[in-house]
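Colleague: Hi! Could you walk me through this one while I have it open?

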Amino acid sequence: MSAPPQHKSVVSSSGLLNKDFALPPAQTGAEIAILPEKPVVDWATTFKGVLQGLGAKVIEGNDCVTANTQGILWVDHGPKNVPILEKALQVGTSVKWVQLPMSGINAYAAVVKRYPHLIWTSAKGAYAQPVAEHALTLTLALLRHIPLRVRADCWGPMLGYSLFNRRVLIIGAGGISLSLLSLLSPFTPRVTLFRRRATEQLDLSELPMTDEARSLVDVQGLSKLHENLPQADVVIIAAALTADTHHVIGERELGLMKSTAVLVNIARGEHIDTPALIKALREGQIAGAGLDVVEGEPIGDDHPLWNVDSSHNDVAGTNSGMWGPVKKGGEGRANLIVTPHTADTLDMVLPLFTRRFTQNAQALMSGDGSFEGVVDAEHGY
Ligand SMILES: NC(=O)c1ccc[n+]([C@@H]2O[C@H](COP(=O)([O-])OP(=O)(O)OC[C@H]3O[C@@H](n4cnc5c(N)ncnc54)[C@H](OP(=O)(O)O)[C@@H]3O)[C@@H](O)[C@H]2O)c1
């Protein structure tokens, strides 16, 4: 690949630049710590120069935080090192801002809630474009039966669905969902977005999409999910993982879906009850699933998801034997795609995250309050 992608951040109203966070400007030489010391991915060297360029004094090392430290750039993802962050926050009595590198902060929600007076910023919306692209990829591949065809080594029946004018449900209305609306726009689907703040207006006027596609979007709360599921052709999960969205798709929801519908999850594995999904795929309750995220990542080679044999299903309901005729290599996991959390790869993430934390470090140094991706400590995203 030659030219690198130039993705843009897509921030929803929950993560907009927020001038309400104006602070006294930090002095040149204000301490910003990069933690933890040995991040899973060694981003620290690249980031140090950026912070120094803004006039900060960069400190590093798990015990580097002092009573003078004003900001923390956290560069780890999983929950393992959370105790290091907790300790830093206990010592760092002057810390005002903490930047987290991921957009889904579920693994950090408890510590964020314990320090609600701090300005916590995440990468919400920053990775929206590549992740939405991946969601569309999975959707089209499932509708066109690509998992079946890449396994087949013989001719097959004429099967496949077009995305044009379909009924699409998107759980979540944040950066990824908004970016996805733009990508879906040429297909003019009827889209329902489900969000927590369903009664607040969601401004779609600036989104690059056609007026026709825009007119086909409506917004609901999760309490309306069940009544919408029976009409859906595509269900895409793109919400934050919280107590309210944990297992948002389980046995009951899968039972409400059409046998021709497909399910795509690019948010968090815990949004789906995995055993219920496996059962639904095996029994042909739904036509297929595309998962970029799975409960308990990374899953082992013996995980039941690798053995979802759906070859006996005729999920198209056409009696043409949608899976059946492909005997030579097409059988097996014919209606499931699992990608290993690659909706946003490191190459895609690095420039986007650099822009996000640079914006926020500038907000700290200038005191103008223009933080982007501010986390709602109470609601955990
Ligand atoms: N696969 C990957 O590599 C990858 C990459 C990036 C992100 N993700 C996941 O994708 C998620 C979304 O990312 P984003 O950047 O779009 O985040 P975001 O801008 O923070 O959006 C989060 C969305 O979740 C919605 N939500 C929260 N609680 C809800 C509830 N109870 N019912 C319905 N909707 C609810 C929010 O509703 P409101 O609009 O009402 O606030 C908001 O629209 C992240 O949290 C992360 O877990 C995965």
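Modeller: Happy to. It's a predicted model, and the C-alpha centres of domain 1 and domain 2 lie 34 Å apart.

Colleague: Which residues belong to domain 1 and domain 2?

Modeller: The domain assignment gives domain 1 as 12–125 + 345–366 and domain 2 as 128–338.

Colleague: And how many residues of domain 1 are in contact with domain 2?

Modeller: Nine residues of domain 1 are in contact with twelve residues of domain 2. On the domain 1 side, the touching residues are one nonpolar, seven polar and one charged.

Colleague: Let's switch to the ligand. Which residues are the closest?

Modeller: G104, K124, G174, R195 and R197 are the closest of the 37 residues that surround the ligand. By class, that shell has 16 nonpolar, 13 polar and eight charged residues.

Colleague: Which domains does the shell draw on?

Modeller: Domain 1 and domain 2 each give at least three residues to the shell around the ligand. Among the helices, α4 and α6 each supply at least two, and the largest share, three residues, comes from α6.

Colleague: Which residues of α4 are buried?

Modeller: The buried ones are A128, Q129, P130, V131, A132, H134, A135, L138, T139, L142 and L143.

Colleague: What do those buried residues pack against?

Modeller: They pack against the helices α6 (175–184) and α11 (346–366), plus the strands β9 (234–237), β10 (262–265), β11 (288–291) and β12 (336–338).

Colleague: What does T121 touch?

Modeller: Leaving out residues up to four places away in sequence, T121 touches W97, Q99, N360, F371, E372, G373, V374 and V375.

Colleague: Last one: what does UniProt annotate for residues 137–309?

Modeller: The unreviewed UniProt entry has "domain: D-isomer specific 2-hydroxyacid dehydrogenase NAD-binding" there. Over residues 137–309 the chain is 27% helix and 15% strand, and the end C-alpha atoms are 22 Å apart.

Methods
Residues are numbered from 1 along each chain as its sequence is written. This is a predicted model: local features need pLDDT of at least 70, side-chain atom pairs count only at pLDDT 80 or more; totals for chains, interfaces and linings use all residues. UniProt positions are given in the numbering used here, feature names are shortened, and annotations may be inferred rather than shown by experiment. Helices (H or I, at least four residues) and strands (E, at least two) are DSSP runs, numbered from the N terminus. A residue is buried if 20 or more other C-beta atoms lie within 10 Å of its own, exposed if 12 or fewer, and partly exposed in between; C-beta atoms are placed from the backbone. Two residues are in contact if their C-beta atoms, placed from the backbone, lie within 7 Å. A residue is near a molecule or strand if its C-beta atom, placed from the backbone, lies within 6 Å of it. Ala, Val, Leu, Ile, Met, Phe, Trp, Tyr, Cys and Pro count as nonpolar, Asp, Glu, Lys and Arg as charged, and the others, Gly among them, as polar. Domain bounds come from an automatic or database domain assignment.
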